[in-house]
Amino acid sequence: MQDLPVLMLSLLSDDLLFFQEGEIAWDGKRHSIRGIQANAPKLDELSAVAEEGGFDDGPDLVKHFVALIVKLEDDEGLVVPRDAIAPEISNSLPEGDLTGITLANLAAFARAIIVRNTDDGNYGVLYDSRLAVGIPCFFNLMARLIWDMRQLSLSLAGKPFTVAFVGSRNFDADVLFPTTVSSVAGRQENPLSMTVDQCPSINLPSGSANTPASKSAPSASKKQPADSQAKAERHAPGKRKEAKLDFERSTATQDLPVLMLSLLSDDLLFFQEDDIAWDGKHHSIQGIHANEPKLDDLKTVAEEGEFGDTSDLVNHFAALLAKVEEDEGLIIPRIAIAPGISKALPEGDLTGITLANLAAYAQAITICNTNDGDYAVRCDNRLTAGIPCFYNLVARLIWDMRQLSRSLAGKPFTIAFSERKSMDADMYFPRVVGHVAGKQKNPLLKRVRHCPPVWLPYEIEEELKKKKAADKLAAKDASSTEGKSSVQAEPNRTLLQKPPLQIAEKKTYTEEDRRKDEEAREAALQAAVEAGAEQYALKQHEAVVERFEAGRKGDKRTTFDGGPRERVCHHLFECGGGLTEQEIFDDLNRTRNVKWRQSSSNGGSVKYDKMLQLMSDPSRTITNEYQRYLPMGEAAQMAKLLDEQKTIKSDNGMWFLWCHDGVDWGQRLLNARAAHADATEKSGNIERLEKEKSSLLAEKEELQGRIKQLGLFDFKGRKPLKECLSAIESELSQKEGLLKDARAKRDALPAIEGELKAIRKACQSEYRDYLIRRERYEERMG
């Protein structure tokens, strides 16, 4: 659930709404909004957000959004003069100073700012580190922006909250900002976490805007002696002769985990097939390859990391992966991983080595240090879908690597996660990977204070328990068979022997590869379509043949071949009606197999009395009684016959055929009686419906008043009330429809009663005609 600030800023950062050039106007003092755009491909998402937020629709949400950021513009404390901002940042801003509107709109700058609610209802702000360098008092500005938004909600106004800040380099924002931004006066250091219990103050520098602020810039001079001492110890002759590996390594911009994983993600080192071996429980490294076109880059990293040479760097890298492999908590059984992912992995389960090696899969995982020494991890969204507990796995991998460094071990850190789909990784993974059991939701911002736990889905845990029990039993049986206990030696993963370093060129995913893959996919799709069309045609042909053969064998389900009902209708028509049930039954028995035949599908004798009941009331032809007493498979034929010829029982116990000269007087009488009964019943409900409508209108008015009291921006309080209001409006609309129908029926009653009189009169005339025809029939029969 998103509160007001997160909901509104997410409309910009998630690209649901955006401003085109000229839609944010500057009058010399303030900005105003002259237009706003909804992102056409994401209109469904915008409607979903509006519905979840309790808004009437998308336009209603946009109206509230515009009203909110216009309110932000009223806060003079959010105004930062344009000349106080680094030119690399200000060049991308709309005309004028930085104000509430343009500060909020930074969220739309390729997600340069992302605000999310944390688990405890506070806030996590992910920001492009260049903004903090180029905008004075940036963190207080963001805290004040959130504070201002909260004041517009009655449930949030005046209440304290906490903001956690995480900076990272957003590569998508490179289209807006240069790689390097000059530090400005008033630059604020990242507070990491800020508790806000009153409106944050903004203290802008009084001097020149773009002169570097030496007091606020991070100082490395105090750390230099310690660093120099560490370097001297590391390169002392005595130290260099020892075989013991030293993981106290870093560069100016990378700590140990980032330094090591970047060797894979930057394609400096890679593993070929068979370089990673599986012994049934763990992986081991049999060889490593350095990417020939990037050997100079590898030497530079070795030099910056204070390694003896590239071989020394590779030894440390392999040793670190071997240490990570020892963590049983990083093991994910292969059966728990989506097939689209597991097919690309080396043999065996997912372990520490193969998890880290995902960074070499066309940068499916990339990791970098943020300005404050924490981490930003970007991963391919197919990995998050296809590997259970993925985010905790990555956090635990980083934790394990940090434990090998004395300066990092045991210290808490923060990871900012983001997802993307790497087109280059298409050479390893399918385009779509199904979600697996245990798929973890993106935490966006994760604070790690201890070794992160990794949970497997219940069904996988149960299967592993069974497998372990079976292995244990098998080992016990083998031990008893041999007559002596056996000790299985664990594979040596301490990597005392240096892995062979070879030089080769790593294959990359080129445009030509992508084109060939696209052509192969299109060909496969076309083949599937053609195969499907051919299969469909075959099924249609088989169905036609099947129906033809059934007809040749005498299946008459689509025709009516003269059953007892047809004989009754013809008999009544011949004699003019007025027959008793006994006369009808005698005729059926006399003419059986002469003028009518009983269907072979009928299991027994025809129930004549039930048949006449059904013929007098056609609506019952689809009831269970029809299925119970009449031949099966003749519903269509029966309905067709009864549409043409109806029978109805007269008051004197005789039967007549009332379909005559194209007028079905019996059906008209039935319809008129049903319409009269319906109109009478609904007319009697008018008074009750009017009372219920008045009650609903009063309830609607009360709810509208309560919603109005909450204010425009208190969405949490408004949402349940608006849901109740929507339900009442729906019920009210239903009542109005019923009331309208009842009034129409009441107005139609006189006409229906006139129709009944006319039909009865016509029926009396028809009855006299039937009596005359009856007499003539008897005279003919003599």
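User: How many bridges join strand 6 to strand 7, and do they run parallel or antiparallel?
Analyst: Six bridges join them, and the two strands run parallel. Strands here are DSSP E runs of at least two residues, helices are H or I runs of at least four, and both are numbered from the N terminus. Two strands pair if DSSP finds at least two bridges between them.

User: What kind of model is this?
Analyst: This is a predicted model: local features need pLDDT of at least 70, side-chain atom pairs count only at pLDDT 80 or more, and totals for chains, interfaces and linings use all residues. Residues are numbered from 1 along each chain as its sequence is written, and side-chain values use heavy atoms, with hydrogens and water left out.

User: Back to the strands. What stands opposite Gly-124 in strand 7?
Analyst: Ala-164. Ala-164 in turn stands opposite Ser-193 in strand 8.

User: How do strand 7 and strand 8 run?
Analyst: Antiparallel, joined by four bridges. Met-194 in strand 8 is the bridge partner of Val-163.

User: What is the order of the whole sheet?
Analyst: The order is 5-6-7-8, in an open sheet of four strands with mixed pairing. Strand 5 (113–117) and strand 8 (193–196) are at the edges with a single partner strand each, so one side of each has no neighbour in the sheet. On average, neighbouring strands of this sheet are turned by 20° against each other, direction ignored.

User: Which strands does helix 1 touch?
Analyst: Helix 1 (residues 4–13) packs on the sheet and touches strand 5 and strand 6 (123–128). Touching, or contact, means heavy atoms within 4.5 Å. The direction of helix 1 makes about 145° with that of strand 5. Axes are lines fitted to C-alpha atoms, for helices over the stretch in contact, and angles run from 0 to 180 degrees between N-to-C directions.

User: And helix 7, which strands does that touch?
Analyst: Helix 7 (residues 138–150) touches strand 5, strand 6, strand 7 and strand 8. Its direction makes about 135° with that of strand 7.

User: Why is strand 7 called largely enclosed?
Analyst: Because six of its eight residues are buried. Buried is under 20% relative accessible area, exposed over 50%, and partly exposed in between, with a 1.4 Å probe on protein chains only.

User: New topic. At what angle do helix 2 and helix 3 pack?
Analyst: About 75°, with the axes of helix 2 (residues 43–52) and helix 3 (residues 58–72) 8 Å apart. That makes helix 2 roughly perpendicular to helix 3.

User: Which residues make the contact?
Analyst: Helix 2 gives Leu-46, Val-49 and Ala-50, and helix 3 gives Gly-58, Leu-61 and Val-62.

User: What about Asp-60, buried or exposed?
Analyst: Asp-60 has 8% relative accessibility, so it counts as buried. Asp-60 is in helix 3. Not counting residues up to four places away in sequence, Asp-60 touches Phe-55 and Lys-722.

User: Now strand 14. Why is strand 14 largely enclosed?
Analyst: Six of the six residues of strand 14 (residues 375–380) are buried, so the rest of the structure largely encloses it. Tyr-375, Val-377 and Cys-379 point one way, Ala-376, Arg-378 and Asp-380 the other.

User: Which strand pairs with strand 14 in the parallel sense?
Analyst: Strand 15 (residues 413–420), over six bridges. Strand 13 (residues 365–369) runs antiparallel to strand 14, with five bridges. Tyr-375 has Asn-369 as a bridge partner, and in strand 15 its partner is Ile-415.

User: Which residues touch the most other members in the largest nonpolar core?
Analyst: Leu-263, Phe-317, Leu-358, Leu-383, Ile-387, Ile-415 and Phe-429, in a core of 71 residues. A nonpolar core is a set of buried Ala, Val, Leu, Ile, Met, Phe, Trp, Tyr and Cys residues joined through side-chain atoms within 4.5 Å. Helix 16 (residues 390–402) supplies the largest share of this core, nine residues.

User: Where is Val-163 then, in a second core?
Analyst: Val-163 is in a second, separate core of 66 residues, which also includes Val-62, Val-125 and Met-149.

User: How many helices and strands in the chain?
Analyst: There are 26 helices and 21 strands. Buried residues make up 44% of the 782 residues.

Definitions and conventions. Angles under 35 degrees count as roughly parallel, over 145 as roughly antiparallel, 65 to 115 as roughly perpendicular and the rest as oblique.
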